[in-house]
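Hi everyone, thanks for making time for this. I'd like to walk you through a structure I've been looking at, so let me put it on the screen.

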There are 4 protein chains.
Amino acid sequence: MGLNGTFNRKLNMGLIGGGVGSFIGKVHSIAACLDNRAVLAAGAFSSDPEKSKLSAEDYGVSKSRAYGSYQQMIEEELNLPDGQRIDFASITTPNHTHFTIAKAFLEAGFNVVCDKPMTLTLQEAEELASIVEKNSLIFGLTHNYTGYPLVRQAREMIQRGELGEIQAIRAFYIQGWLRTRLENSGQKQASWRTDPKRSGIAGCFGDIATHAYNLARFVSGLLPDQVSCTLKTFEPGRELDDYGTAIIKLQGGALATVTASQISHGRENDLWIEVDGTLGALEWHQEEPNKMVVRRNGQPHQIYTRAGGPYLNEFAQSSSRLPAGHPEAFFEAFANVYASVFDAMADRKVNKNTPWQKSVYPNVMDGVDGMNFITRCVESSKSQASWVSMAHPMARP
Amino acid sequence: MGLNGTFNRKLNMGLIGGGVGSFIGKVHSIAACLDNRAVLAAGAFSSDPEKSKLSAEDYGVSKSRAYGSYQQMIEEELNLPDGQRIDFASITTPNHTHFTIAKAFLEAGFNVVCDKPMTLTLQEAEELASIVEKNSLIFGLTHNYTGYPLVRQAREMIQRGELGEIQAIRAFYIQGWLRTRLENSGQKQASWRTDPKRSGIAGCFGDIATHAYNLARFVSGLLPDQVSCTLKTFEPGRELDDYGTAIIKLQGGALATVTASQISHGRENDLWIEVDGTLGALEWHQEEPNKMVVRRNGQPHQIYTRAGGPYLNEFAQSSSRLPAGHPEAFFEAFANVYASVFDAMADRKVNKNTPWQKSVYPNVMDGVDGMNFITRCVESSKSQASWVSMAHPMARP
Amino acid sequence: MGLNGTFNRKLNMGLIGGGVGSFIGKVHSIAACLDNRAVLAAGAFSSDPEKSKLSAEDYGVSKSRAYGSYQQMIEEELNLPDGQRIDFASITTPNHTHFTIAKAFLEAGFNVVCDKPMTLTLQEAEELASIVEKNSLIFGLTHNYTGYPLVRQAREMIQRGELGEIQAIRAFYIQGWLRTRLENSGQKQASWRTDPKRSGIAGCFGDIATHAYNLARFVSGLLPDQVSCTLKTFEPGRELDDYGTAIIKLQGGALATVTASQISHGRENDLWIEVDGTLGALEWHQEEPNKMVVRRNGQPHQIYTRAGGPYLNEFAQSSSRLPAGHPEAFFEAFANVYASVFDAMADRKVNKNTPWQKSVYPNVMDGVDGMNFITRCVESSKSQASWVSMAHPMARP
Amino acid sequence: MGLNGTFNRKLNMGLIGGGVGSFIGKVHSIAACLDNRAVLAAGAFSSDPEKSKLSAEDYGVSKSRAYGSYQQMIEEELNLPDGQRIDFASITTPNHTHFTIAKAFLEAGFNVVCDKPMTLTLQEAEELASIVEKNSLIFGLTHNYTGYPLVRQAREMIQRGELGEIQAIRAFYIQGWLRTRLENSGQKQASWRTDPKRSGIAGCFGDIATHAYNLARFVSGLLPDQVSCTLKTFEPGRELDDYGTAIIKLQGGALATVTASQISHGRENDLWIEVDGTLGALEWHQEEPNKMVVRRNGQPHQIYTRAGGPYLNEFAQSSSRLPAGHPEAFFEAFANVYASVFDAMADRKVNKNTPWQKSVYPNVMDGVDGMNFITRCVESSKSQASWVSMAHPMARP
């Protein structure tokens, strides 16, 4: 069988968002097409039809498929024959629009890849999950950090018990770019990310702590039990938190801390995780993603490197494109999430009963999990960091 | 004036503890004598007089001044003339004995240097502080990490406002050596550090979190307001905590987190601190003490190095013995604390009214502060991480 | 104007090489298409027509344009209309075939991108340069490390005089993968890279020292004067060098050293460079490409980060796709070289007189320079490391 | 047996040099006395008797033993009884005075510790070696970097064959402090180190390349065969080299490069070494001395840490004073060299036939080796980097 298995052809991508000034739309486009398995076929790049057509040029998309709205995209793409029609829609618009757009595509029968956080509220997230659960569509959520080969290495090592019982996790996401009221300068990214109407009930915690939390969950496979959280807004006048720390009691007795900041001078995108097990510990930093430290008492520290050798497990090895020492980074990890989504789409085409809940790519359940995390953190923070239950029927290990 | 100012001679050190199997006693001896300003003149190295005399040989101390008890040391040293008599006693015995020994030396009129934590209980700490307050003696507490030149650089930078208002501090002390029940193997260090009778109400938090807390206090100068703490014992059967995390609301609105572990595989002595101010941020790691990162948004990250140039402040510069690139480390920092104690002793000799409360070296007030921290953390942890007041009349900025 | 300027469309890429077991062909394809400015339109993936068609599937290329030879590709592509026909051919076959293939495409009027080293001999390189010089075609040589944003930053800093006069350069390329006679195991990469028939007169120095040399030249802009070189073959029975060091006297008095190894255990792809100027020094490592150290006596060391702020020059800034802290790596740098080639192609389309000799992308002159370097190094090594002139009429600063 | 074995007491040190403005004298004093095994008993701190007495105060030395010349020290100390008389003389004066002073002490029957380079000329070095060879005295040369626990680990690993056959060594010593004509400002260190009358025939190569060379020799145990060297003086008007690189063919076929600089902006004391063997490779950096990287193809990189566990060999373990993670540094390594000298002195006292030629501490033979290196490097550099024999009858592995 050829490219993309049962499809035997490149997949067609529809991009929602991604117009001028967008950062994440371009990232989705590059990541999805990196391996030549997909082509950007259509876009609703902007709600202004003229601007959308201008962006189409930048993306090399035919103007005829540059739409002025996602509704138009759905309507017109449905009229195209299979193989020409988009196979999936990637939603890269501000948070507050995710739910409505995703729902519309899912109900029209399209697979969806959605940026995170998935929705504005937990309730919306649950509703999307129900829709996905009912139908046979693929829903990928781009917690892109799960795509890094060494993160996948860590997950599989832990699943195999190589670190023993996991007892303590420390996850961090430290940035500095919102140290000032950048949102007042008209900077687009800052503007919507600090606006409760467009970002929901949390700022820093919704935007980045969710990634750190998701990373802890992805790597450890442990389910949350209770959370105690303290959020702060250090920049005067800002409406949402720009700093915070949460302690999570995990089921089985482990303890996780999630700390996030947007006000730490000069810290660029410092997501990192430390995991302590009874047999070993590991540490991984997103800004230097091609290495991971594995430690065991009394032994030399070990530096695992991406593609470094046969000591890496299958999951990590199959997630690399380059030999060791030729660094891979953000786009490649993002592309790995897409690759897993494509694999699932090819499989789903012939096998409707594949249990997607255990997917390698973050799925709609992880979106619920993330919204649950945000919701409970804000709830705890508002009640003096009291312990709040994080139990949720849709949680998956 | 010559060596040690008003003394014009080497100072005589009396060491309590430091016998075979001791780690910290030897450290005190080396640190105190490093600069040739003090000589180890007497020791109560062990409570077994024979063993004490054997240790005397190792230390090059005359057998006649190797005592079988601290009481004997006090008694006999008092009979020696000034200049021959010990000028200060360094207490390096297990925690539970600090209070009684320190009190005895203070009451006999000796200056004291004491290892941390200062006492078993907050009440004992307060009592020692009262004694010191009453008399004109010097009491140094070896929170040795405050002696590192770049830690001193950080403190002075912050005092001068170079980082603006300090808003967030993250302090960590991560070790792995108590990952197993080492205390059951007869290992002496593990044995007393995990024993409530000899270490008090906290294990990991008493032994190392106090260092991280003290470092945050020393560097920032901020006073604590409230603490919420979660302690855990991961090793089954251990009586004291071996892991924990505390959130501290500091006066003025800043937030500090202190995280400590003794169960993280392969982590040796990973004390580090990150400080976020409105104008800049810094980061320092004890295991690589000769550099410190200073960051400001939009500018290249700066690596300050010990003795690296005129950009360092006076406090940092005067704390270095070697040119840049010739690394200094643990002993030298420890020796810096002693050097500040010696300076204070020389000053006190002629100037009884020096306000020791603002001393450069950690003093008895810091001991009270540390015991207050431990006490409140345990209290909070026992009541579901509820917020507990840390206000204390003896706190010093 | 739209995508690719005067073209206003995606460019069509023809790939020579890249079949099963190839590493570099896939890299070219991903890099060229990363930004959606080119599409892989045709391929001579293998000299076996059946295998070539199988590879076409992997690449998503139409079988009708999967050719069994480069000659066939030239012939058939010439019959296609402009816009459908390939706009450039990327040559990723073993070294010994570069010359013939490149010459054929150039003579047929196609732009060429060629992997390095450009040819087997200096004479061939000079011949290719003459052809390029005569016509109006673009010839890019993928010294991909010149595409890294911080390498470009370094080049422009030096051109502007920010480091003063450059006096000493140390360039290294240390690998370990040929520590054993891997070529005897049938490993394809090892096999042709250690074979004089397919790799030319140098092994390690032809394969990787050229990159280090090129990096030194690209960053400093300094021309070589004389070289003294010592090559070694440590693996018994290997026909080409697997280790070596060269000292280059640069015009104007600077000194450069180039050291390369393929036999250093565990060293993956450790290309790095250190540059000393009278006003400052810099250091960059390919395995951690998102940062560069800039040092000046008496000042804190500075860590420049990719996209880290307005302190970066235009050349570096325009070479980044992601914000600071979101690491970019090998593919993105490679894609930057292609992007510069595409820019030049669009410009050349309307402006035949653009002086391509000063191109941002490494061009055919750099290929001559590289072959000159290899030739003179081998010559020097064979004569006891005597000084050999590197003067060459085609050298460009 | 007690302190210092057969001595059963502290050893008495005599220091020559070390007055105001000296750096290395103070280092010797601290290092020798660090473990309480020696006491600074006498000093010829300055050739001005008044200044010498003033320095005595700083050092805590009795004024009666602060001499105005080394001759006076020899004369008066010989009149003191054993046990009070100095047991060894540490020579820390400028290079040009080492020979005469060392010779005088040796001929008077004193053990000597001498800073490096040992003499001004190779002939002087050979003469000292002959004197040492004839008598039963200890002569230690403070190539202090050999005292680092992980350097000692490396040496023993290699001796045991853990890295296989050693084939390539790259040793570097990069500094920046002589980037300008600091010697013209009256800075004392710069002044004598750039003056041929006081430093001999080489500047940078005599001062620091010797350390890098010695480190390569100490770690590998390989003997030199031939050297090709290129020295440069980049600072106009300076009389001695401030930059250079040497290639050394070692006996048995290995290749070593030694590169040294004093003109690299911001480089503080960057001595490092990389060693490639057939079974493994290692890398150690003096500025981060508590770790060493050991690499083997296909395996995770290993970080050995000082005192990190039972995987360290006896030589490394016995060279540590502190547990892992409590960093040791320059003074402690220096003290390790002294400790080995003291051990040898105690042994020599009773055992006149101990073969000191194989001593752990660098001895007079290493001084000859270093002077031979300097001499041959300058010779080669003056004759166009031609290969010069380094064979020497006094060389020791």
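Before we start, one definition: two residues are in contact if their C-beta atoms, placed from the backbone, lie within 7 Å. And please keep in mind that this is a predicted model.

Let's begin with chains A and B. How many residues does each chain bring to the contact? Chain B gives 31 residues and chain A gives 31 residues. If you look at the side of chain B that touches chain A, you'll find that β6 (166-174), β7 (224-232), β8 (243-250) and β9 (255-261) of chain B each supply at least two residues. Which of the elements has the largest share of that side? That is β9(B), with four residues. As for the classes, this side of chain B has nine nonpolar residues, 15 polar and seven charged.

Now for the symmetry. In general, two copies of a chain are related by a rotation about an axis and a shift along it.

Helix α4 (residues 95-107) of chain C packs on helix α5 (residues 122-134) of chain C at an angle of about 10 degrees, and their axes are 10 Å apart. Angles under 35 degrees count as roughly parallel, and therefore α4(C) and α5(C) are roughly parallel to each other. From α4(C) we have F99(C), A102(C), K103(C), L106(C) and E107(C), which meet E124(C), L128(C), I131(C) and V132(C) in α5(C). By class, that contact has six nonpolar residues, no polar ones and three charged.

Helix α6 (residues 149-159) of chain D and helix α9 (residues 204-220) of chain D have their axes 7 Å apart and pack at an angle of about 45 degrees. That makes α6(D) oblique to α9(D). The residues that meet are V151(D), A154(D), R155(D) and I158(D) from α6(D), with L215(D), F218(D), V219(D) and S220(D) from α9(D). They divide into six nonpolar, one polar and one charged.

Finally, some backbone details. Most residues other than glycine have a negative phi, and most peptide bonds are trans. With that in mind, have a look at P117(C), in the loop between β4 (111-114) and α5 of chain C. The peptide bond from K116(C) to P117(C) is cis, with omega near -5 degrees. In chain D, the bond from K116(D) to P117(D) is cis too, with omega near -10 degrees, and P117(D) sits in the loop between β4 (111-114) and α5 (122-134) of chain D.

And where do we find positive phi? A307(B) has phi near 65 degrees, and its place is the loop between β13 (301-305) and α10 (314-317) of chain B. Is A307(B) buried or exposed? It is buried, because 20 other C-beta atoms lie within 10 Å. N36(D) has phi near 70 degrees and is in the loop between α1 (24-33) and β2 (38-44) of chain D. With 18 C-beta neighbours inside 10 Å, N36(D) counts as partly exposed.

How values were computed:
Residues numbered from 1 in each chain as written. Chains lettered and ligands numbered in written order. Predicted model: local features only at pLDDT ≥ 70, side-chain atom pairs only at ≥ 80, totals over all residues. Axes fitted to C-alpha atoms, helices over the stretch in contact; angles between N-to-C directions. Parallel < 35°, antiparallel > 145°, perpendicular 65-115°, else oblique. Nonpolar A, V, L, I, M, F, W, Y, C, P; charged D, E, K, R; others polar. Buried ≥ 20, exposed ≤ 12 C-beta atoms within 10 Å, placed from the backbone.
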